[in-house]
Each structure stands twice: as C-alpha cells, then as structure tokens.
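I opened the model today to look up a few contacts and pairings. My notes follow.

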Amino acid sequence: MTASSRPPLHPGFRLIGEADGELFDFILQPGESRAGASSDNDLVIRIAGVSDRHALLGIDADGMWLRDLGSKNGTFVNGQRVEDSRVRVGDIVCIGPVSLRLVAIDAEDAAIAVEGRDPVAPKKPNPQRWSRSKTPTGTDTP
C-alpha cells in the first residue's frame, strides 16, 4: 500500500502524569485497555490507592472513554467522580490518587508507534510503565 492509498490517520492518545515521584506515560492503542495496580493490566499503576483492576479505558472512532471497575478510591474526570465518561484532549483523568492528562499524538507519530511494535508480540501486550525508581539508598536511578 502506497502512502497516497492509505486511509487517513486518526490521532493517537497518551496519558501522562506523575504520582509519588513516579512518572507515567501511557500510549493508548485503539480498543480497550485495563488500568490498575495488578501486573496483568495493560496500564500498570502501582501506587497506594489504585485498585488491582481499577478502570477500563477505550479508544474508538469518537476518541477516548473511561469506565470505573468498582474501584475503592474512584475514577475521576476533571475532578468529578465517574462510572462511565467520555474524555477529551486536555482532560485530567484520576485513577485513584494518580492524575493523568490526556494528550493527542500526531497521527503520523501514532502510526510510527504502532508500526514499531514487535511483529511477533505476545497476544496480551506487555504492561506499559515508565518510571523513575528509587535505589535502596534513596537516590534516583534513570
């Protein structure tokens, strides 16, 4: 397929935030992603106050939606507790105590991120987590 015959690209999305000294940067793919403290989630957030299976996020033709999965500390959009909600670029999503801003990724950048994935990837994607960790001495490690 040539570049001129490709269907138009839709922008991608990412959630970016920080909590308890950890940085989070999650690239959201079309379809559903589960967020929570358990390592079997698509978006792993190991922070006190985040339930094992906290929320379900989805990317569809209309953008992003969010559903709380019965979490103890709640799921919020722009400070309002929600069960189900649409999320727009610039909105602040709180998964328990963790605040994440939804930002758009340029359509071409989103395509490169998807194309760059390992073609022999496992059925269930590896959890995404980008953080700065602390060493036993309390110093930051990259």
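For these entries I take contact to mean heavy atoms within 4.5 Å. The model is predicted.

**Entry: D84.** I asked which residues D84 touches, leaving out those up to four places away in sequence. I found L66 and R67. I then checked R67 against D84. The two are 17 residues apart in sequence, yet their C-alpha atoms lie 4.4 Å apart in space. Their side chains are joined by a polar contact of 2.6 Å. D84 itself sits in strand β9, which covers residues 84–87.

**Entry: the sheet.** I next looked up where β9 falls in its sheet. The sheet is open and has five strands, in the order β4-β3-β5-β6-β9. Its pairing is mixed. I noted β9 and β4 (43–44) as the edge strands, each pairing on one side only.

**Entry: β5 and β6.** How many bridges join strand β5 to strand β6? I read off six. β5 spans residues 55–60 and β6 spans residues 63–68, and the two run antiparallel. Across this pairing, I saw G58 opposite W65 of β6.

**Entry: aromatic rings.** I searched for aromatic pairs and found one in the structure. The pair is F24 with F26, ring centres 5.8 Å apart. Why is the pair called stacked? The ring planes meet at 25°, and planes under 30 degrees apart count as stacked.

Note on methods
Residues numbered from 1 in each chain as written. Predicted model: local features only at pLDDT ≥ 70, side-chain atom pairs only at ≥ 80, totals over all residues. Heavy atoms only, no water. Phe/Tyr/Trp six-rings, centres within 6.5 Å; stacked < 30°, edge-to-face > 60°. Helix = DSSP H or I, 4+ residues; strand = E, 2+ residues; numbered from the N terminus. Polar contact = N/O pair within 3.5 Å; in protein donor to acceptor, adjacent residues only side chain to side chain. Pairing = 2+ DSSP bridges.
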